[in-house]
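Student: Hi, I have this model open on my screen. Could you walk me through a few spots in it?

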Amino acid sequence: MKSQDIRAKFLDFYKSKTHQIVPSAPMVMKNDPTLMFINSGMAPFKEYFLGNGTPKSNRIADTQKCLRVSGKHNDLEEVGYDTYHHTMFEMLGNWSFGDYFKKEAITWAWELLTEVYGIDKDILYVTVFEGSDEDGLKLDQEAYDLWKEIVPEDRILMGNKKDNFWEMGSQGPCGPCSEIHVDIRSDEEKAKIPGADLVNMDHPHVVEIWNLVFMQYNRKADKSLEKLSANHVDTGMGFERLCMVLQNVKSNYDTDVFTPIIREIEAITNAKYGKDEKADIAIRVIADHVRAVSFSIADGQLPSNNTAGYVIRRILRRAIRYGFTFLNKKEPFIYRLVDVLNEKMGKAFPELKEQKQLIQNVIKEEENSFLRTLDQGLVLLDRVIEDATGKEVSGAKVFELKDTYGFPEDLTELILRERDLSYNKKEFEKLLEDQKGKGREATAIQADDWVVLLEDEDEEFVGYDTLETDVKLTRYRKIETKKEGIQYQLVFNITPFYPEGGGQVGDKGYLEVPNGDVVYILDTKKENNLIIHIAKNLPKHVHETLRAVVDKKQRERTAANHTATHLLHQALREILGTHVEQKGSAVHSKYLRFDFSHFSKLTTEELRDIENFVNARIEGKLPLEEKRNRPVAAAMADGAMALFGEKYGDTVRSIRFGKSIELCGGTHVENTGDIWHFKIKSEGAVAAGIRRIEAITSDATKEFYFENNRAYYEIKDVLNNPKDAVKAVNDLKDDNAKLRKQIEILLKDKAKNLKGDLKSQLEEINGVNFLATKIDLDQNGIKNLAFELGGEVNNLFLFFATANENKVMLTCYISKELVAERGYDAGKVVRELGKLIHGGGGGQPFFATAGGKNPGGIPKAIERVKEYVK
Ligand code: ATP
Ligand code: MG
């Protein structure tokens, strides 16, 4: 059965059981402080399990793109080494939200596997939660009895808390689960060891394919469990593993999901899959990672240096490195695999197809830059090896290579091993742990349980229409972070506060408490569909009606920037072309930032045209036309623009100003005239094929012009108020150039005299004409001087030190004949003596320099350098 058919059969089956089939949510989470990537099928539905929203159906099924590379689920290091864990994979799942429970979940799963897919019952095992003393839970008898009706008892195995009790996080909904495992070993192997002994033992051919989770408890902050008011079902089946079973192969990589990519890797690298274990691992790593990275980029997450972007960059770098080391690919090639990937998956996932070009460009650029890093790292590593005294290199050096230069430790290890060296792993790991610990501590949140004051399902947002209103506190909780200390999260029955989202910052403001107190709202965020207001303290009278007031000035400025962002988007597509796709935006009160796909730097004319385009629409005073609760199809028919990687509900809000129509949840001005003026402040590249514009509007532009004007008059003042300031500056520049020329001539003269002087100071030691001294010349002057002396005197060894405002330079020149005959090395001299001036450097054996910042080390350096010729 082809993979496409396997996927379709799953969805058809649950459709026949009256499930609503929904598309996969984007894999990259936006605006969720608790999760970077979707790591299981249930993640997009978290809010329903928490009771913060109502699903459109209480039976849903889908295939969900998942990524397990960080946090609770991290399979990255397994990938490539085994044949059944991926970074990105599809999870087929069916859900019941307070509807059916164990009976249906179990019997349907069995029916699908054995009757629809026709899997031989004899290769299946199931597990049941055995209970846990620590939680006071007994065996999941209900599940056991249900399985007993369809599976022989010797195939029902007991599972412990680790494998068979599923928790969403340290707090929240949880419950026992039943897993289904397959044993695809040969009869011969089965005769030797029974399959039951290998379940959950990391055997590549006895693997879990499906996990049925029965959510029936809630884990509280004090770790105790309480029963949920309604029971839910959450199941997840690995699509690639299912394909492995149904296609009768022994590895996910031998299914039609991966073989086309592997054939392409073989064609490009001339490697043959299945010949050599190391090359095989590399091929699997690359085949897997190209999917993860391509889908992330398609969902709007580009490789970068922070958080989610960095995770993606690391995945891609892992692939590049395996190609570099084990397949000997020293030039970019992974981007070339995107074509086959698209042929295979572009139909089921159109976001891939439509952004293929962008994905290729981004990957190629990343490959180029990391290959350069690898080259540099190799040079640095050579130096580390050269300086090594014993058989072991320090862990700190290896850590520095990784941390500062992105040079991976396993590659370092490999190269060291080739030279018969190793490194101090303990020291390295300690440094790595320390660094991780620092990051964790800074972000770790200690959250108390919610204190519920009022049961209220929907926290209505009224902030499109009003900026202040009376509210009731429905729940609150205390949180503590290292950075912010103790804070309170407040939830109201209704709120005018806009929660951070769609690139727009959250509202700030305050609460008026009846006793006259004011509680400041520092930020507003959305978490699992709850609008959370963050305050430093709790209002004294939590049961009373409070007046919630949004900071109007900040909101108005933010709204002006948000509307300007839409007009900018329109301008870019109009002026540059419709290939422009929004790739991220940040709408603050003081400025806006807009990232978009485009392949070249914008010209001055283009930037001017864009500004003019936006300003024309501001001057045109276009009114806001807002439509709420519009069916997606109707909004799209109006010509609204939807963004890739954004999750839309069935109904949407559309925002129109003239011909600009976007699906958007943000806040906007009533009329474009309110923006007053739009000014681009910068344009630049963020990644290959992605440009960034930063701009300002309204009050900020006034300040901007005011500041520029002030600077202009200040400059004029400094220049003694010339009529033409530009001419005055140019005259100054000309004068400056003339003076520089004159100084250069004078310095040359000085050097000439100096040369004579120095020559007379040369001392003969062991047949070497030696001189070490402090002199007062610039770097270029010293170099010229050294080479001129070298041309006139044989067997020369010069060592010069200069100090200039705490910048210290050491220069060493050694005649080539000395280098050849006696093995002197100027690079080694400056590297070693460089330590005395708290610096370092290098160069070639006949000429090298080092820079540092400790002038106090100069006398010692001059004294010590003699030792090299003695
Ligand atoms: P395993 O023990 O094999 O790592 P798991 O217990 O982590 O699996 P779940 O979190 O229960 O798995 O996920 C549900 C299903 O998703 C699994 O039964 C499996 O088929 C699939 N799955 C989990 N992790 C991966 C992965 N990294 N790559 C491919 N499929 C996976
Ligand atoms: Mg796992």
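Student: Which residue just after helix 8 takes a positive phi?
Tutor: That's Asn270, with a phi of about 65°. Helices here are DSSP runs of H or I with at least four residues, strands are runs of E with at least two, and both are numbered from the N terminus. Do keep in mind that this is a predicted model, where local features need pLDDT of at least 70, side-chain atom pairs count only at pLDDT 80 or more, and totals for chains, interfaces and linings use all residues. Residues are numbered from 1 along each chain as its sequence is written, chains are lettered from A and ligands numbered from 1 in the order in which they are written, and side-chain values use heavy atoms, leaving out hydrogens and water.

Student: OK, and which residues of helix 8 are buried?
Tutor: Helix 8 spans residues 259-269, and its buried residues are Ile261, Ile262, Ile265, Glu266, Ile268 and Thr269. Buried means under 20% relative accessible area, exposed means over 50%, and partly exposed is in between, using a 1.4 Å probe and protein chains only.

Student: What covers them?
Tutor: The cover includes helix 9 (277-298) and helix 11 (338-345). Contact here means heavy atoms within 4.5 Å.

Student: Let's jump to helix 15. Which of its residues are buried?
Tutor: In helix 15, residues 409-418, they are Leu411, Thr412, Ile415 and Leu416. They fall within an arc of 135° when you look down the helix axis, so they line one face of the helix. The arc is that of the directions from the helix axis to the C-beta atoms.

Student: What sits over that set?
Tutor: Among the elements covering the buried residues of helix 15 are helix 10 (307-326), helix 13 (356-387) and helix 14 (395-405). Strand 12 (392-393) and strand 13 (422-423) are included too. Just after helix 15, Asp420 has a positive phi of about 65°.

Student: New topic: how many disulfides does the structure hold?
Tutor: It has 0, where a disulfide is a pair of cysteine sulfur atoms within 2.5 Å. Take Cys66: the nearest cysteine sulfur belongs to Cys243 and is 15 Å away.

Student: Is Cys66 buried or exposed?
Tutor: Cys66 counts as buried, at 0% relative accessibility. Cys812 is also buried, with a relative accessible area of 0%.

Student: And where does Asp135 lie?
Tutor: Asp135 lies in the loop between strand 6 (124-129) and helix 4 (141-148). Its relative accessible area is 18%, so Asp135 is buried.

Student: What does Asp135 touch?
Tutor: Leaving aside residues up to four places away in sequence, Asp135 touches Lys161, Arg219, Lys223 and Leu225. The side chains of Asp135 and Lys161 are joined by a polar contact of 2.9 Å. A polar contact is a pair of N or O atoms within 3.5 Å; within protein, one must be able to donate a hydrogen and the other to accept it, and residues adjacent in sequence count only if both atoms are side-chain atoms.

Student: How many bridges link strand 28 and strand 29?
Tutor: Strand 28 (residues 651-657) pairs with strand 29 over 4 bridges. Phe657 has Ser660 in strand 29 as its bridge partner.

Student: Last one: how much of the protein counts as buried?
Tutor: Of its 870 residues, 51% do.

How values were computed: Pairing = 2+ DSSP bridges.
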